[in-house]
Amino acid sequence: PMASFLCPYLLSKSTRLAKALNEFDFYLKDIIDNLTENDTLIITGDHGCDPSTPSTDHSREYTPFLMYNKNKISENYGTIKGFNFIAKNVEEILNF
């Protein structure tokens, strides 16, 4: 199953960001504990955003990307070039 968590304009205030991150962290262990051997968790954003600025615009040039699967060894992807990296990984996971 695929799930998406969306909180519009969350990054407009750094205090809301901190609260949301704490809440997400609280549930993350439960999410990971409930993953099966065949599940992959991907955490990313649609753009980078600097919470220390008053803007909600795209204020950072990089987007976070975390991928977790119980059967995979941790890997540092470094700075990824291109927009298709996540799509290629999802394609591989779904065996397309």
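1. Start with Asn-69: a polar atom of the Asn-69 side chain sits 2.7 Å from the backbone nitrogen of Asn-71. The Asn-69 side chain also reaches the backbone oxygen of Asp-39, at 3.0 Å. For polar contacts, the rule is a pair of N or O atoms within 3.5 Å; within protein, one must be able to donate a hydrogen and the other to accept it, and residues adjacent in sequence count only if both atoms are side-chain atoms. Asn-69 belongs to the loop between strand 2 and helix 2. Its relative accessibility is 11%, so Asn-69 counts as buried (buried is under 20% relative accessible area, exposed over 50%, partly exposed in between, with a 1.4 Å probe and protein chains only). Not counting residues up to four places away in sequence, Asn-69 touches Glu-37, Asp-39 and Thr-40, where contact means heavy atoms within 4.5 Å.

2. A word on provenance before going on. This is a predicted model, in which local features need pLDDT of at least 70 and side-chain atom pairs count only at pLDDT 80 or more, while totals for chains, interfaces and linings use all residues. Residues are numbered from 1 along each chain as its sequence is written, and side-chain values use heavy atoms, with hydrogens and water left out.

3. Now the overall layout. The chain has 2 helices and 2 strands, in the order α-β-β-α along the sequence. Helices (H or I, at least four residues) and strands (E, at least two) are DSSP runs, numbered from the N terminus. Of the 96 residues, 14% count as buried. The chain exposes about 8,200 Å², and carbon and sulfur atoms supply 56% of that; accessible areas come from the Shrake-Rupley method with a 1.4 Å probe, and for residues only the protein chains shown count as cover. Among contacts with a separation of 6 or more, 40% are between residues 24 or more positions apart.

4. Asp-39 is one I'd look at on screen. Asp-39 lies in the loop between helix 1 (14–33) and strand 1 (41–44). The Asp-39 side chain does have a polar atom 2.8 Å from the backbone nitrogen of Thr-36.

5. On to the salt bridges themselves: the whole structure has 2. In one, the side chains of Lys-29 and Asp-33 meet at 2.7 Å, N to O. Both are in helix 1, and because they are 4 residues apart, about one helical turn separates them. Lys-29 is exposed at 55% relative accessible area, and Asp-33 is partly exposed at 46%.

6. Glu-92 and Lys-72 also meet in a salt bridge, at 3.6 Å, N to O. Glu-92 is in helix 2 and Lys-72 in the loop between strand 2 (65–68) and helix 2, so this pair ties together parts that are 20 residues apart in sequence. Glu-92 is exposed, with 51% relative accessible area, whereas Lys-72 is partly exposed at 47%.

7. Tyr-68 is in strand 2 and counts as partly exposed, at 32% relative accessibility. Tyr-68 and Thr-40 are 28 residues apart in sequence but 5.6 Å apart in space, C-alpha to C-alpha. Leaving aside neighbours within four places in sequence, Tyr-68 is in contact with Ile-32, Leu-35, Asp-39, Thr-40 and Leu-41.

8. Pro-64 sits in the loop between strand 1 and strand 2. Pro-64 and Thr-44 are 20 residues apart in sequence and 5.3 Å apart in space, C-alpha to C-alpha. Beyond neighbours within four places, Pro-64 is in contact with Ile-43, Thr-44 and Gly-45.

9. Last, the surface. Ile-93, Leu-94 and Phe-96 form a nonpolar patch there, with about 330 Å² of accessible area together. Patches are made of residues with over 30% relative accessible area and no salt bridge; like charges are joined within 9 Å, and nonpolar side chains (Val, Leu, Ile, Met, Phe, Trp, Tyr) within 5 Å. Leu-94 is in the segment after helix 2 (85–93) and counts as partly exposed, at 39% relative accessibility.

How values were computed
A salt bridge is a side-chain nitrogen of Lys or Arg within 4 Å of a carboxyl oxygen of Asp or Glu.
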